[in-house]
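Please keep the sequence and the three-dimensional view at hand while reading.

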Amino acid sequence: MSGCSTCSTSSGGTGGCQNNGTCGTSDCNKMNSFDWLSHLGIPQVDNFDIVEVKFKGGRKEYFRNVDYLSLNTGDPVVVDVPSGHHIGYVSLQGELVRLQMQKRKIRNDDNITRIYRLANEKDIEKWEEAKNREIPTLYRCKQIVDELGLQMKMSDVEYQADNSKATFYYSAEDRVDFRELIKVLAGEFKIRVEMRQISLRQEAGRLGGIGVCGRELCCSTWLVDFKNVTTSAARYQNLSLNPSKLSGQCGRLKCCLNYELDTYMDAIKDIPSIDRPLQTEQGPAKLQKTDIFRKLMWFSYNNDNDWHSISCDRVREIQAINEKGQKVFNLQVDKADELEDLAAQSTRELELLDKKFAKKKKKKKKRSKDTRPTEGEQKAVSQQGQSPKPNRSNEESGSSDNTRRPRADFQEKNQSSTPQPNRENRRKKKPRNRPNPNQKPNVNQQGAEPKSSPSAQGENPQEQKKRKFPPRRNQNPNKGSNE
């Protein structure tokens, strides 16, 4: 265990992180304690003189502050141990230490050793050298255990700060005779050896890890007392009895199975006990599932795949009828007549829902027949926007017909007499040679003129001009006829 990187000050000393146990770095996250009395302004005169100190793996012990040193959470201190001195970090002080000692049933007597001083740089450097020996010692110890054939698992090694003693933590199912192992380790590493057996849960707490919930293990962060966990806790909570899902990293049942067990035990009091299937005319109904908090129970007829849910009160009613030697029609109703009433009620409810959520169609306004305009009125309205130009030739000739013919009527007549080719057809046709009156006709060497097509010879040239040059839309329709 090493200290925080933010604990050092600019003067070179170690003043502590002063976060009251809420340090967020990775080195101080095991068995943290929050001092919730630090901001209450308790007088310092009657301050409790015992301090809680944390060591490697979250191990905590209590020492007396005889010299009344001003300590902060996270300060490294040199403490007195039975075989020398060791270095740990202050984790808690004040009145909360008294409460923790009462919880762990530790007496405030002379067996509590003292704190020597705050650790200086020289003490920490010597401690770092001792910690660097831990991993090589652990690997070598595992090799010696295999050579001796001992049925034990070495999990961790902790050196004392004065480099005079090492504690070996191991786990084993049965009692192990390790006297020969201690002699070999003491002769090879030249230290005093202490062997300490721990349980599998304590081993997981010392090593740490991440649980299936995504958080750090409870045994490595805050859980101290390991209570007995049985499979009945999983049965009461309707959990599947799958060992791979119920066991933690230690190989034992998860400690979190006991967290909500009391709540389930209180809620299960209102659930009726089912000793035998419920007797109905549809067949015996067997219990398949129970929802404790919603107070619902699922049954199936003759082990069918269709489950039917009913309330706990309904189950009690059916049990009371079965005790009289009678059967109900099904799980929902007692008699067949009630089933018809239930079906009619359900259909009425569905109809009400359909009316409630039906989309209202917008009604289109119907126009009356008298208000519709006729075709003649539509043409008159369209002609008002474009008034035809007056015929100049008629005005000059002084003709008696002063009526103006609309442009649209003239175009309709012209289209009826001479069909106009479409633009697409006009593009597809080959261009014709237009005769030029000023140009002389081409004569061959023999003096013969080119022959024209018989269709062109028999037709009137005015009609041919009309076909070749249809009237344009923007052109005055009366101009071509006067010419």
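Phe63 counts as buried, because its relative accessibility is 1% and the cut-off for buried is under 20%. The model is a predicted one.

**Aromatic pairs**

- A pair of aromatic rings is described by two quantities, the distance of the centres and the angle of the planes.
- Five aromatic pairs are present in the structure.
- One of them joins Phe55 and Phe63: the ring centres lie 6.1 Å apart and the planes stand at 75 degrees, so the pair is edge-to-face. The reason is that planes over 60 degrees apart count as edge-to-face.
- Phe55 is buried, with a relative accessible area of 2%, and Phe63 is buried at 1%.
- Tyr170 and Phe178 also form an edge-to-face pair, with 5.7 Å from centre to centre and 65 degrees between the planes.
- Tyr170 is buried, since its relative accessible area is 4%.

**Charges over rings**

- Lys131 lies over the face of Trp127, at 4.2 Å from the ring centre.
- Arg206 is placed over the face of Tyr169, and here the distance from the ring centre is 3.8 Å.

- Strand E10 comprises residues 296-301. Six of its six residues are buried, so E10 is largely enclosed by the rest of the structure.
- Which residues of E10 point one way, and which the other way? Leu296, Trp298 and Ser300 point one way, whereas Met297, Phe299 and Tyr301 point the other way, and all are buried.
- Strand E9, residues 285-291, runs antiparallel to E10 and is joined to it by six bridges. In this pairing, Ala285 has Tyr301 of E10 as its bridge partner.
- E9 and E10 form a hairpin with four residues between the strands, and Lys295 in the turn has a positive phi of about 60 degrees.
- E10 also pairs with strand E11 in the antiparallel sense, over four bridges. Here the bridge partner of Trp298 is Ser309 in E11.
- The hairpin of E10 and E11 has six residues between the strands, and Asn302 in this hairpin takes a positive phi near 55 degrees.

**Helix H10**

- Cys312, Arg314, Val315, Ile318, Ile321 and Asn322 are the buried residues of H10.
- An α-helix has 3.6 residues a turn, so residues three or four places apart point the same way.
- What covers the buried residues of H10? The cover includes strand E10 and strand E11, the latter formed by residues 308-311.
- Just after H10, Gly325 takes a positive phi of about 85 degrees.

**The protein as a whole**

- The secondary structure comes to 18 helices and eleven strands.
- The protein has 483 residues, of which 29% count as buried.
- Among contacts with a separation of 6 or more, 58% are between residues 24 or more positions apart.
- The accessible surface comes to about 35,500 Å², and 47% of this area belongs to carbon and sulfur atoms.

Note on methods. Residues numbered from 1 in each chain as written. Predicted model: local features only at pLDDT ≥ 70, side-chain atom pairs only at ≥ 80, totals over all residues. Heavy atoms only, no water. Phe/Tyr/Trp six-rings, centres within 6.5 Å; stacked < 30°, edge-to-face > 60°. Buried < 20%, exposed > 50% of the residue type's maximum accessible area, 1.4 Å probe, protein only. Lys NZ or Arg CZ within 6 Å of the ring centre and 35° of its normal. Helix = DSSP H or I, 4+ residues; strand = E, 2+ residues; numbered from the N terminus. Contact = heavy atoms within 4.5 Å. Pairing = 2+ DSSP bridges. Areas by Shrake-Rupley, 256 points an atom, 1.4 Å probe, with all protein chains shown as cover.
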